[in-house]
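Work through the exercises below with the model in view. Each task is followed by its solution.

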Amino acid sequence: MQTRVVDAGGDRLRMSVGPLIRSGGTVVLTVQTTLEQAGNGGAAVVSRHFSSILSTSFDAARLIDEAGRRVYLVSRNTADDGCVCTGLLRVEAGETRPLQAAFGGLPAGLQRVSVMLPHAGVFTDVPILDGAVPEPPTGVNAAGRVQKALDLSDVAASYGAGLEAYTERVGVGVRTRRGADQVDISLDTDVLFRLDSAKLTSRASKTIGAAVADLKAAGPGPLTVTGHTDSTGTTAHNQTLSEQRARVVSEALTTQLPDGQWPKTVAAKGESQPTVPNDSDANRALNRRVTITFKERRNNTGAGSTAPLPKTKGEEGKAPDGVEVSLPLNRGTIRFVPGAATVRGPFLLVNLTARNTGEGKATILDFLGQGVFTVRSEFDPFARYGAAGVRLLQGDTASYGLDYELEPGDHRCLCDRLLNQAIPPGSERLLSLWFPAPPAGEKVITIDVADRLRITDIPIS
């Protein structure tokens, strides 16, 4: 049993996570929750703090299988009109009630996971055991309702997805997408080549060098070098240009990565595989690229970078004190304080506390988010309201938080996604952030939100 005291919007909760229970084909998470003190002095709807869409359902819990590099979401019922989880749960101060959620169809061999909850952070290495699912206590709760046991006869399979990482070299034109089994390094052809040309520019050496460093760090193995264009021009012309550019990049790589250790296959896709719609100059630039694809080498996270950190216009601080920020639009004052940074297999888990140090309520709202078009150039109107904009900096290499794909072209961060609940004076909110693990030997890290805040010298435990 893991127990911690949680500050959730001014409500003080004591939360205990014990083993998850496997019952048939369903795994049930039970979090025994005691309201030690309500922010308003009376009873509190504790379930509202743990909802993915600001309702009152306990549906925001996520299970993380670090070894398998997967995340699992709370199951919905077979009619797909609600989660199989605790709904409205209102409790009195001093009362203990379970928050529960079902996860259907998890792999039979899965023996332990990490449990991620808003406000409460991550409970690591929670075992999954066969047994009887704990039932809620009898009698009515503070809402005048009887808390019913979960209906485990009506559980759809939990949504499970591979965890991916997106990394970019700031100002170099190299972007890396790292999935469970495959790595794609994209080189910006506007840096490599002049318009409609397959001859490398004088700026190309820095971009090629950055890619080579990452490929050397990954170790020898087959590479596929693929050319892509935007949709400008004829299909035949774009196909030829993409092949020419892929061959030039392959030859440039071979000077430092011999074919004997890094055998290369050249491919050309022309305009047929855009990453984003070809409907603007910015999007067409993203579609003009050469990608280097290879199978993931387990526990490899790339070479890192010894380049200086990019400049920032934001507030800067160091661990352990963090940095204090006056939020825009008079939304209050928050001190962001880094906690533990822990390597968890192929990932790095970083805790960041947002502490209200002002005299009134504060909301971090869109301060830690991305734009409605994310760093992956995907449209996501909610990306600005979460913590998806926090990145891990190693020199000029920026690694964004882990994410997973709900549907093709629709990634969601493995982070708190809605941060618009106000933080009362003297209260705080714990944010748990997941990144790809830094190269072995790294002792400290830097986290950054572009031109908003930066915290350096966070030790890795």
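Contact means heavy atoms within 4.5 Å. Helices (H or I, at least four residues) and strands (E, at least two) are DSSP runs, numbered from the N terminus. This is a predicted model, in which local features need pLDDT of at least 70 and side-chain atom pairs count only at pLDDT 80 or more, while totals for chains, interfaces and linings use all residues. Residues are numbered from 1 along each chain as its sequence is written, and side-chain values use heavy atoms, leaving out hydrogens and water.

**Exercise 1.** Find which elements the buried residues of helix 3 pack against.

Step 1: buried means under 20% relative accessible area, exposed over 50%, partly exposed in between (1.4 Å probe, protein chains only). Step 2: the buried residues of helix 3 include N238, L241, R245 and V249. Step 3: the buried residues pack against strands 15, 16, 17 and 18 and helices 1 and 2.

**Exercise 2.** Check the span of helix 3 (residues 235-254).

Step 1: the expected span is 1.5 Å times one less than the number of residues.

**Exercise 3.** Describe the surroundings of E168.

Step 1: E168 lies in strand 13 (residues 165-169). Step 2: not counting residues up to four places away in sequence, E168 touches V174, R175, R391, D396, T397, A398 and Y400.

**Exercise 4.** Is P346 buried or exposed?

Step 1: P346 lies in the loop between strand 21 (333-344) and strand 22 (347-356). Step 2: its relative accessible area is 13%, so P346 is buried.
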